[in-house]
Amino acid sequence: MATEEIRVRGTVQGVGFRPTVYRLAKVCGLGGDVCNDGEGVLIRVSGSEQAITEFVAKLQTESPPLAKINELIRSPYTGKLNVDNFVISSSVKSAIKTEIAPDAATCPQCQKEIFDPFSRFYRYPFTNCTHCGPRLSIIRAIPYDRCNTSMSAFIMCSECAKEYHDVENRRFHAQPVACHACGASAWLERADGKAVTASMFSMLDDVDAVCTLLQKGEIVAIKGLGGFHLACDATVEVAVEKLRYRKRRYHKPFALMARDIEVIEQYCTVNSQEKELLTSPAAPIVLLRKKGLGSGEWGVGIEAGKKLSHSLNFNIAVSVAPGQNSLGFMLPYTPLHHLILRRMNRPIVLTSGNIADEPQCINNDEAREKLGTIADYFILHNRDIINRVDDSVVRVVGDKVQTIRRARGYAPAAISLPPGFKNVPPILAMGSELKNTFCLLRGKEAIISQHLGDLENGAAFDSYKKALSLYLNLFEHEPEVIAIDKHPEYLSSKVGKEFADINKIKINQIQHHHAHIAACMAENNIPLDSPPVLGIALDGLGYGEDGTLWGGEFLLADYRTFQRLATFKPVAMIGSEQAIYQPWRNTYAQLIAANLWDDCQEKYTELEIIKFLKSKPIKLLNQLIEKEINSPPASSVGRLFDAVAAAIGIYRDECSYEGQAAIAMETLVNVKSLNNDKEILIYPFKFSFLDSIYCIDPRPMWQALLEDLQQQIPQAVIATKFHKGLANAIVEMVKHLCQENVIHQVVLTGGVFQNCVLLEQVSQSLETFGRKVLTHSLVPANDGGLSLGQAVITAAKLRV
């Protein structure tokens, strides 16, 4: 007879892990017990060595759907055990080393029950079990027990208690378990405060009434899992435009929700990998290609989109995603959503319940106050949302998943660190200013927060600080080092400095683009002491080592250090932040930097872009550039995209969000021509030197582009030539650098590489050249992944 203690770490609480342990222990004829504690799950078993070995093997192959075992350690146990029976013991309070499971979409069994008239969960909008339902959004503390969640306000009825305590039941220890008799309830309200009378709707209940309201063109605020959403019928142009106007979100694409895959397939092409993502427990928003666009089609600008929709009898409102050739779809991920969409055979808009760039509302009073002028109706409930969690956004590029926003369904699942990072001290990385996340590093794993938004917004900044405090308490994380971005004005950096000062701990400043590269290395499991990679970091901007703004960098980097080998030619950002939202500023700055403005006034004076620029205060702009008054030079490839887009007439005057012009230009690219060397020429770039490093100069590209504008070459052709030329310049620079440096792996990172066309062109060419290419999947290429990079760089430096 053998007796062992088995320690299991990972996502093993709140996912039905203990019932699985119980069942398998019974099958293997073992005695002992299992409990939750701060480190995960602790199992003590007694039986034959063969039976215990069989038990451990089954545990790793038959874990529950939402469980993830990161570590399983067996050791002898000398204490006393009940060898005749196996039991589930109460949770033990100890130091927190376990994980919190992400919120999970409604499982098939629960879906079936809410539509089964003979089930006691029939039409109950908060039905869940150990395989699905809220986790992060309702938790206050670890262990993940009911008393530590917002479900503590609801006392289980006898039926729910029976299932909760029945180890053979799917709801055994499902902390949010509840039903009509004992759980949360949902109700409908009018935004104008008037009573909702039964005579208004001949519906089954208030939740069913929401479907009718949406079909009538109303805007409804829906209290969901991790926050409020605003919904309307996506096929009613007037309703969508009304929502845009009221929400003050004038151009950014809206997310869509559809009842099932069949509805989505009426509008988009969906491959097997995309279907798997849509139907996964994470249930993210998946960016899908609009139906009817073959790989060789020109992209769809606003007007082209109208023609395409008309020719294919599409009925999604054009204003859902203006100027886009993709739509962001998700499937219902809570019983509430399933019930609302039961009778809806067309998509609905389901966008964040907020104004402009503020965080989502999460409580009823806040929603009534802030969304009352946007929504016509509210569907509310009385289960508190403790943690705000946005919807995640992903897409498939080639055959690899690219995460654009990591939140519901993925956060805060831990990411295992590469070899060499074992037992690192606790580190807190504060992230960036935009698309912020923060990261807790401990042991062999990184815990990255959900997407928290742009901290320049006051409400988002407050939400960031609250989330940070919550995570530190939840995980009992006491950092020994704080990692921040080098930019002195980032609010995240200021909070990090303040935290370090108060707690008298070390602070580590990390260069922005080095952090981007390190994040990609870490998620690709590159060991700590590996040879340097060539990291290509292209984005809007980041604070450089020399005090200037970088944004188009070629860095020879490992986790500890980097060397800047090449860059893009720095060009003034006229008006600083204004250049992000007024693309024409970048066009003018590029023409000045290329010494082409005089030629433009002589040779290209009739061009629309030149007439437009001449209407601006040129003398003042020149002074700002020459004296660098609020016009810092930046090697930003993001701003180069904006400049080209404005030159060809895409969102020339103003954008409502960063990268809008560049995204619209990407949709114009002709993929078929892009991959055919004979069909279309490329725009040339040249290489020069800048302060002893190589520099990519776009001057010849501008000369060729201006000639094409003079010849009235279509926008789509110019966009294609630009993408192809830029990709070619990047690859040629890599080839040149490989002659002078030992480079086997190339990292592609930064927000610009969310451009699918550029990413695929560069990746394919580099792989043909014989270099292994590393790209992002688990964390975003944009600043949402920056905190992971900050954390691993800090950990690496501590292990010198």
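Start with arginine 652 and glutamate 608. Their side chains meet in a salt bridge, N to O at 3.2 Å. By salt bridge I mean a side-chain nitrogen of Lys or Arg within 4 Å of a carboxyl oxygen of Asp or Glu. Arginine 652 sits in the loop between α20 (637-647) and α21 (660-666), and glutamate 608 in helix α18 (residues 608-614), so the bridge ties together parts 44 residues apart in sequence. Helices here are DSSP runs of H or I, at least four residues; strands are runs of E, at least two; both are numbered from the N terminus.

Glutamate 608 is exposed, at 59%. The cut-offs: buried is under 20% relative accessible area, exposed is over 50%, partly exposed is in between, with a 1.4 Å probe and protein chains only.

Ground rules, quickly. This is a predicted model, where local features need pLDDT of at least 70 and side-chain atom pairs count only at pLDDT 80 or more, while totals for chains, interfaces and linings use all residues. Residues are numbered from 1 along each chain as its sequence is written, and side-chain values use heavy atoms, with hydrogens and water left out.

Back to the charges. How many salt bridges does the structure hold? The count is 43. Glutamate 707 is partly exposed, at 27%.

Lysine 444 is partly exposed at 40% relative accessible area. Glutamate 71 is also partly exposed, at 22%. Both belong to a network of salt bridges, which links Arg7, Arg9, Asp37, Glu39, Glu71 and Lys444.

Strand β4 takes us to a sheet. Five strands form an open, mixed sheet, in the order β4-β1-β3-β2-β5. Strands pair if DSSP finds at least two bridges between them. Which strands are at the edges? They are β4 and β5 (86-88), each pairing on one side only. Neighbouring strands are turned by 15° against each other on average, direction ignored. Strands β1 (residues 2-11) and β3 (residues 40-47) run antiparallel, joined by seven bridges. Within that pair, isoleucine 6 stands opposite isoleucine 43.

Helix α1 (residues 17-27) touches β1, β2 (31-37), β3, β4 and β5, and its direction makes about 175° with that of β5. Helix α2 (residues 49-61) touches β1, β3 and β4, at about 170° to the direction of β4. Contact means heavy atoms within 4.5 Å. Axes are lines fitted to C-alpha atoms, for helices over the stretch in contact, and angles run from 0 to 180 degrees between N-to-C directions.

The largest nonpolar core has 81 residues, and Phe554, Trp702, Phe722 and Leu758 touch the most other members. Such a core is a set of buried Ala, Val, Leu, Ile, Met, Phe, Trp, Tyr and Cys residues joined through side-chain atoms within 4.5 Å. Which helix gives the most to it? Helix α24 (residues 715-740), with 13 residues.

Helix α16 (residues 584-593) has eight of its ten residues buried, so it is largely enclosed by the rest of the structure. Among the buried ones are Trp584, Arg585 and Tyr588. Just after α16, asparagine 595 takes a positive phi of about 55°.

Arginine 408 lies between β15 (400-405) and β16 (415-416). Arginine 408 is buried, at 2%. A polar atom of its side chain lies 2.8 Å from the backbone oxygen of alanine 282. Beyond four places in sequence, arginine 408 touches residues including Asp103, Tyr333 and Asp390.

Threonine 548 is in the loop between β22 (533-543) and β23 (549-557). Threonine 548 is partly exposed, at 29%. Leaving aside neighbours within four places, its contacts are Gly542 and Tyr543.

Conventions: A polar contact is a pair of N or O atoms within 3.5 Å; within protein, one must be able to donate a hydrogen and the other to accept it, and residues adjacent in sequence count only if both atoms are side-chain atoms.
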